[in-house]
Amino acid sequence: MEAVLAVTLGVMVTCGVYLILRARVFPVVVGLTLISYAVNLFIFSMGRLATGAPAVIGKSASHVDPLPQALVLTAIVIGFAMTAFVVVLALRGLGELKTDHVDGQEPRE
Amino acid sequence: MALALIIALPFAGIFIPLLLERFGRSACAFGAGLAPLGALVLLLSQREAVFAGEVTVARYGWLPDLGLDLALRLDGLGFLFALLILGIGLLVILYARYYLSKKDPMGRFFGFFLLFMGSMLGVVLSENLLLMLMFWELTSLSSFLLIGYWNHRADARRGARMALTITGGGGLALLAGILLIGHIVGSFELSTVIASGDQIRAHALYPPALILVLLGVFTKSAQFPFHFWLPQAMAAPTPVSAFLHSATMVKAGVFLLARLYPALADSEWWFYLVSLTGLATLLIGAVMALFQHDLKGLLAYSTISHLGLITLLFGLDSQQAAVAAVFHIINHATFKASLFMAAGIIDHETGTRDMRRINGMWKYMPHTATLAMVASLAMAGVPLLNGFLSKEMFFAETLEQHLLGSFYWTIPVLATVAGAFSVAYSVRFIHDVFFNGEPIDLPKYPPHEPARYMKIPVEVLVLLCLVVGMLPGYTVASLLATAVSATLNGDVPEYSLSIWHGFNLPLLMSFVALAGGVGIYSMRKWLFLWYQGLPNVDSVLVFEQAMRMLADAARRISLLLDNGSLQRYLLLMLVSVLVLVVYALTPLAPLAGPVALTPLDTATLGGMALLAVASLLTVIYHRRRLVSLMMLSVVGLLVSLTFARYSAPDLALTQLSVEVVSIILLILALFFMPERTPVESSSLRVFRDFLVAGGCGVMVALLTFAVLSRPYDSIASFFLENSVSGGGGTNVVNVILVDFRGFDTLGEISVLAIAAIGIYGLLHGLRLPHPTHDYGGRRWSGDSHPMILYVLARALLPMALLVSVFIFLRGHNLPGGGFIAGLITAVALILQYVALGVSWAQARQPLSYHAVCGAGLLIAACTGLGSLLFDHPFLTSAFGHFEIPLIGDIELATAMLFDLGVYLVVVGATLLMLSNIGHVSQEASCKEVL
């Protein structure tokens with residue numbers, strides 16, 4: 001299963017990186033979101049993949065490593081805050097510069 | 001204390017002339033003189049200890065970890081230089097009072113002057129080499145200000161810039177050299193460094209250290225090939241030249257040669273580098289000086305030549321030569337300062353410095369002429385003047401060296417040639433300026449003697465030339481002896497200061513030089529013709545061209561990296577990351593580790609495949625933004641399912657609720673943005689980006705697989721064991737968040753609150769046009785809020801809030817907690833905005849979201865601070881079990897209070913972010929959501 005997860009993460013990162021290299025803000029934001037999904041999954045998987053072993057004492061015989069989970073939990077929320085910030089920054093840029101190009105100006109022909 | 005005051009006084013005195021400027025020029029100059037006078041008195045009060053050979057070291061701690069202390073040192077050499085700096089400095093202040101015109105801002109001049117004087121004193125009185133270097137750089141900076149004093153003149157600005165570039169660059173080399181020496185010796189204290197000469201010379205790093213130090217010395221002392229900045233610096237006011245370019249700034253270089261003489265000298269490297277540079281400089285300076293038509297240009301090249309002489313003497317690497325070098329430093333400072341001042345007087349009274357026009361001044365200013373002639377005879381090395389004594393010693397020393405083998409005679413012969421040229425330019429200075437017919441077309445005519453007090457400094461210095469020249473034993477002997485003893489670290493060789501040594505070879509060389517000089521001068525017409533025939537190499541143009549090329553290259557390189565394109569930056573960053581990761585992963589020979597992999601199961605495999613496909617679809621449809629967003633939400637949901645599948649219920653819940661708010665956010669943003677992305681990347685670019693992206697993806701996949709198939713060691717057991725006993729909760733993830741790593745969480749909710757306020761600020765006052773048509777030209781529906789959603793949303797709100805309370809309360813023991821509960825509440829509230837409109841929801845909003853956010857942070861922080869009251873560290877939690885009627889046993893922990901803070905921040909921040917985007921397009925009547 002680990003190999004499958006690794007390949008999936010690879011695909012997600014590839015898609016995310018390709019999108020953040022685009023010239024318009026919206027695909028870049030979508031790409032960043034994709035990458036943050038992949039990174040969260042990556043950090044989470046560093047605690048290894050376990051089935052039916054949540055880190056709740058007394059609910060199962062063995063427990064998965066809770067530390068990466070705690071890290072990822074806050075990372076998800078902060079990631080959302082950052083996405084929101086970038087999106088709003090883009091909106092502000094659209095309002096001020098009248099373009100959604102990442103460089104703040106339409107490319108010269 | 002006295003030592004520190006000597007340096008501090010000039011710095012402190014900078015303000016006096018600035019304050020006294022309004023009371024007239026004399027008051028200003030008087031004020032400027034106060035601080036150096038005080039410092040001079042302090043210095044002289046130390047003379048007994050210095051002449052007894054004592055070394056006074058004063059030390060004040062500063063940055064001991066870096067080896068940098070405010071350590072000062074007063075010994076013979078430092079005393080001599082400090083005396084020159086303060087003595088000549090005071091004379092120059094008097095002179096400058098009369099030199100500067102009414103238009104020049106005098107307070108600023110003296111301010112810069114005292115700044116320079118203080119830095120120079122710092123250089124010569126530092127015990128710590130790093131401290132000395134700091135003052136060294138300060139002299140470069142303050143001399144930049146002084147040379148560029150007439151900043152309305154282009155040549156002054158150019159000269160100042162050039163001097164700063166060359167000496168500043170040399171300062172950097174010196175820094176490197178000193179760091180190397182400090183590395184070799186293990187200390188930056190001068191006493192230690194001087195005593196470790198053998199250790200330094202034996203070290204493998206000795207040649208680079210020596211070369212770097214010498215680069216600093218040669219640039220500062222205008223040695224060939226760095227000499228060209230000095231003539232350009234003549235654009236400075238003459239008092240500045242008299243001070244900087246005779247007695248102080250350029251002497252800082254040779255001072256350092258003397259200072260580090262015991263540590264660095266006595267090796268072949270030293271001999272060849274120092275003596276050959278000195279010899280070249282001596283010759284070039286002497287020859288070039290003869291061909292200058294500018295009075296100060298002649299003096300500048302003569303200074304270069306004399307500095308070369310001193311350098312050559314140090315390079316000869318014998319103790320007597322060092323004596324001669326120190327002696328010549330004193331003599332050169334006196335006669336050259338007086339000559340610069342005389343040149344300034346002539347410039348001041350005639351309005352020009354061109355020697356082809358200034359002739360026959362003897363008739364107009366006999367007094368000044370006499371003084372200048374005595375000083376230039378001292379420069380030429382005529383007997384009974386101080387220049388003769390040190391030059392005689394110099395000739396004697398050139399005969400003593402034998403390091404060049406059978407070519408040993410070249411040095412004395414070339415020295416005599418240089419001596420002859422120096423006689424020739426001295427004669428030219430006398431004959432051309434004071435005799436040689438009548439002045440031609442002077443801007444100020446007729447010239448006359450200057451103000452009485454302007455001549456006093458010149459008189460004092462010329463008197464010194466005479467007295468030292470005739471009675472060396474009674475005047476300079478003890479000062480020289482103590483300075484030499486400090487230079488040579490206690491070893492003083494036999495030397496004689498008498499005027500008459502009998503008929504010997506050095507005397508013959510002196511006479512040859514004198515006769516030859518007069519001969520060269522008499523042939524000047526042919527020589528000038530020959531010189532005009534030479535190709536004209538303008539060092540200024542060469543220098544400026546080099547600087548321009550450097551600047552252009554820098555601009556090209558930075559344009560390559562920094563062209564204002566985000567795509568370029570990202571690409572460069574990603575490629576560098578890729579290179580680093582590939583480099584780090586290359587040694588990983590077998591990719592798969594020893595740990596057995598978990599078996600495949602169909603459901604998960606399908607989920608993963610769906611995840612990958614959804615990601616790909618996000619990219620494939622990225623031009624149709626709404627479709628792309630829908631695919632992205634599929635990815636988010638599958639990620640949340642993956643968390644659930646692999647035993648992370650908290651993460652799954654968080655991801656699910658975050659997913660909802662993110663997609664709402666993106667849809668809201670998309671409403672204002674173009675709905676489609678235009679096609680603008682070339683195929684080549686798409687291919688390149690795909691390669692980079694693919695590379696990143698492959699690396700992540702390899703890394704993930706490599707880690708997951710390897711054994712695992714973690715600190716998880718600590719958290720699992722202590723969660724119940726220490727944190728009072730069975731949901732370890734939540735206990736980590738609110739207890740073990742509560743401080744991190746506090747930081748994270750702060751970031752969340754800051755982001756929310758930042759978003760609020762960004763949206764403040766932003767108005768975007770309300771789109772009326774979609775991409776296909778269809779009108780947006782004008783229906784306000786659909787009925788079914790309206791009814792459902794209102795009915796759902798209390799239930800959703802109940803769920804969030806439930807999730808919150810159970811969070812400590814079962815999956816849930818403040819983050820998830822906060823997000824659920826936020827989603828429920830956002831639904832009201834979506835279904836019923838911003839104004840409707842806003843009218844019913846009980847609390848300001850800013851306040852909710854702030855209150856949350858406050859509660860979390862106060863919970864943490866509360867533990868301090870019980871003498872526990874910040875954020876220690878306490879818990880206990882309570883028996884409550886009807887409900888039964890319940891556990892309450894302070895961590896829950898902290899979690900409440902988290903909850904409030906999440907609710908406040910999320911709503912602050914989302915609810916405000918809604919009003920961007922609306923009428924001005926719709927207020928911002930607070």
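In what follows, Ala, Val, Leu, Ile, Met, Phe, Trp, Tyr, Cys and Pro count as nonpolar, Asp, Glu, Lys and Arg count as charged, and the others, Gly among them, count as polar.

The structure is a predicted model, in which local features need pLDDT of at least 70 and side-chain atom pairs count only at pLDDT 80 or more, while totals for chains, interfaces and linings use all residues. Residues are numbered from 1 along each chain as its sequence is written, chains are lettered from A and ligands numbered from 1 in the order in which they are written, and side-chain values use heavy atoms, without hydrogens and water.

**Exercise 1. Describe the second largest pocket and classify its lining.**

Step 1. A pocket is, on a 1 Å grid over the protein atoms alone, an open set of points where a 1.4 Å probe fits, with protein on both sides within 12 Å along at least five of seven lines; lining residues have an atom within 4 Å of a point.

Step 2. The second largest pocket holds about 990 Å³ of space. Its lining comprises 27 residues, and the closest to its centre are B:Pro231, B:Gln232, B:Gln292, B:Tyr301 and B:Asp538.

Step 3. Two or more lining residues come from each of α12, α16 (268–290), α17 and α26 (524–533) of chain B. Helices here are DSSP runs of H or I with at least four residues, and strands are runs of E with at least two, numbered from the N terminus.

Step 4. Sorted by class, the lining has 14 nonpolar, 7 polar and 6 charged residues.

**Exercise 2. Determine what surrounds B:Asn731.**

Step 1. B:Asn731 is located in the loop between α33 (716–727) and α34 (732–740) of chain B. Its relative accessibility is 0%, so B:Asn731 is classed as buried.

Step 2. Its side chain reaches the backbone oxygen of B:Gly811 at 3.2 Å. A polar atom of that side chain also lies 3.1 Å from the backbone oxygen of B:Leu814.

Step 3. Contact means heavy atoms within 4.5 Å. Leaving aside neighbours within four places in sequence, the contacts of B:Asn731 include A:Ala55 and A:Val56 from chain A, as well as B:Asp650 and B:His812.

**Exercise 3. Which residues does B:Leu666 touch, not counting residues up to four places away in sequence?**

Step 1. B:Leu666 belongs to helix α31 (residues 649–672) of chain B. With 1% relative accessibility, B:Leu666 counts as buried.

Step 2. B:Leu666 touches A:Phe26, A:Val29, A:Val87, B:Leu629 and B:Leu632.

Step 3. B:Leu629 is 37 residues from B:Leu666 in sequence, and their C-alpha atoms are 7.8 Å apart.

**Exercise 4. Summarise chain B as a whole.**

Step 1. Chain B has 40 helices and 4 strands.

Step 2. Of its 930 residues, 53% count as buried.

Step 3. Among chain B contacts between residues at least 6 apart in sequence, 78% join residues at least 24 apart.

Terms used. Grid points are joined across faces, edges and corners, and a volume is the space filled by probe spheres set on the points. Buried means under 20% relative accessible area, exposed over 50%, partly exposed in between (1.4 Å probe, protein chains only). A polar contact is a pair of N or O atoms within 3.5 Å; within protein, one must be able to donate a hydrogen and the other to accept it, and residues adjacent in sequence count only if both atoms are side-chain atoms.
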